[in-house]
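Biologist: I would like to learn how to read a protein model. Please take me through one, feature by feature.

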Amino acid sequence: MNILLLDDNSHRITFFQNALKQHKLTVCRHARTAIRALKATSFDIIFLDHDLEGEPSDPDDENCGSEVARFIADHDIDCPCIILYTENRIGRESMQGILPHSETIPYGKLKKAGVYAIIKRSEETPPSPKI
C-alpha cells in the first residue's frame, strides 16, 4: 500500500516506519511537502497530524493538518482511508469538518488499536467507484 504520513515528531515517525515496513511510506514533516506529494501520486491511506513544529497550531495556519485537509477537499483527492490522529481537539474538529468522510483515532488510541488493524481493514475494503 502507498501511505502518506504528515507528522514532524520523530518518535511518532519512527513508530509508523516500524509498523509499516512492508508498505511504501511517504513521510512529510511540513504541510507544503504533503501537498506536493498529493499532487504527485495517489495514496491508499493518509495519516494526518494537525500540529507541526511542536506547538498547537491554529487551524488557519499554513503549516498544519487543516491546510492539507483543505487541499484534499478542494482538489477532490480520492483516498479511501484518511485517519486524523491529532490529540489537539480544535485541530481535530477543524479537520473533521473539512473531511467528514475521514476517521478520527487519537495517536494514543492508534498505538493501542494498532496500525495493522487499519491497514488490514483498508486492504479488505474495495476502492470506491469513481463517478
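Modeller: Start with the labels: helices (at least four residues) and strands (at least two) are runs assigned by DSSP, and they are numbered from the N terminus. Keep in mind that this is a predicted model.

Biologist: Is Asp76 buried or exposed?

Modeller: Exposed means over 50% relative accessible area. Asp76 reaches 66% and therefore counts as exposed. Its backbone is worth a look too: phi of Asp76 is near 45°, a positive value in a residue that is not glycine.

Biologist: Next, the sheet. What is the order of the strands in the open sheet?

Modeller: The five strands are ordered E2-E1-E3-E4-E5, and the pairing is parallel. E2 (24-28) and E5 are the edge strands; each has a single partner, so one side of each has no neighbour in the sheet.

Biologist: How many bridges join E1 to E3?

Modeller: There are four, and the two strands run parallel. In this pair, Leu4 stands opposite Ile46 of E3. On to the next pair: E3 and E4 are also parallel, over four bridges. Here Ile45 has Cys81 of E4 as its bridge partner, and Phe47 stands opposite Ile83 of E4.

Biologist: Which residues of E3 are buried on one side and on the other?

Modeller: Ile45 and Phe47 are buried on one side, Ile46 and Leu48 on the other, so both faces of E3 are covered. E4 can be read likewise: Cys81 and Ile83 point one way, Ile82 and Leu84 the other way, and all are buried.

Biologist: What lies across E1, E3 and E4?

Modeller: Helix H3 does, and it runs at about 150° to E3. H4 packs on the sheet as well, touching E3, E4 and E5, and its direction makes about 160° with that of E4.

Biologist: Which residues are buried in helix H4?

Modeller: The general idea is that an α-helix has 3.6 residues a turn, so residues three or four places apart point the same way. In H4 (residues 89-98), the buried residues are Gly91, Arg92, Ser94 and Met95. These four cover an arc of only 160° around the axis, which puts them on the same side of H4. Their cover includes E3, H3, E4 and strand E5 (103-104). At the N-terminal end, H4 is capped by Asn88, with a side-chain oxygen 2.9 Å from the backbone nitrogen of Ile90.

Biologist: Which residues have the most contacts inside the largest nonpolar core?

Modeller: In soluble globular proteins, nonpolar side chains tend to be buried together. The largest nonpolar core here has 21 residues, and Leu4, Leu38, Ile46, Leu48, Val68, Ile72 and Ile82 have the most contacts inside it. Two or more residues come from each of E1 (2-6), H2 (31-40), E3 (45-48), H3 (65-74) and E4 (81-84). H2 gives the most, five residues. Apart from this core lies another, of 18 residues, among them Leu5, Phe15, Tyr85 and Val115.

Biologist: Which residues does Ile82 touch?

Modeller: Leaving out residues up to four places away in sequence, Ile82 touches Ile46, Leu48, Ile72, Leu99, His101, Ser102 and Glu103.

Biologist: Back to loops. Where is Asn63 found?

Modeller: Asn63 is in the loop between E3 and H3. Asp60 lies in that loop too. Asn63 is buried, at 10% relative accessible area, whereas Asp60 is exposed, at 65%.

Biologist: What does Asn63 touch?

Modeller: With residues up to four places away in sequence left out, Asn63 touches His30, Ala31, Leu52, Glu53 and Ser57. With Ala31, a polar atom of the Asn63 side chain lies 2.8 Å from the backbone nitrogen. With Glu53, the two side chains are joined by a polar contact of 3.0 Å.

Biologist: How many residues apart in sequence are Asp60 and Ile98?

Modeller: They are 38 residues apart in sequence, and 12 Å apart in space, C-alpha to C-alpha.

Notes
Residues are numbered from 1 along each chain as its sequence is written. This is a predicted model: local features need pLDDT of at least 70, side-chain atom pairs count only at pLDDT 80 or more; totals for chains, interfaces and linings use all residues. Side-chain values use heavy atoms; hydrogens and water are left out. A nonpolar core is a set of buried Ala, Val, Leu, Ile, Met, Phe, Trp, Tyr and Cys residues joined through side-chain atoms within 4.5 Å. Buried means under 20% relative accessible area, exposed over 50%, partly exposed in between (1.4 Å probe, protein chains only). Contact means heavy atoms within 4.5 Å. The arc is that of the directions from the helix axis to the C-beta atoms. A polar contact is a pair of N or O atoms within 3.5 Å; within protein, one must be able to donate a hydrogen and the other to accept it, and residues adjacent in sequence count only if both atoms are side-chain atoms. Two strands pair if DSSP finds at least two bridges between them. Axes are lines fitted to C-alpha atoms, for helices over the stretch in contact, and angles run from 0 to 180 degrees between N-to-C directions.
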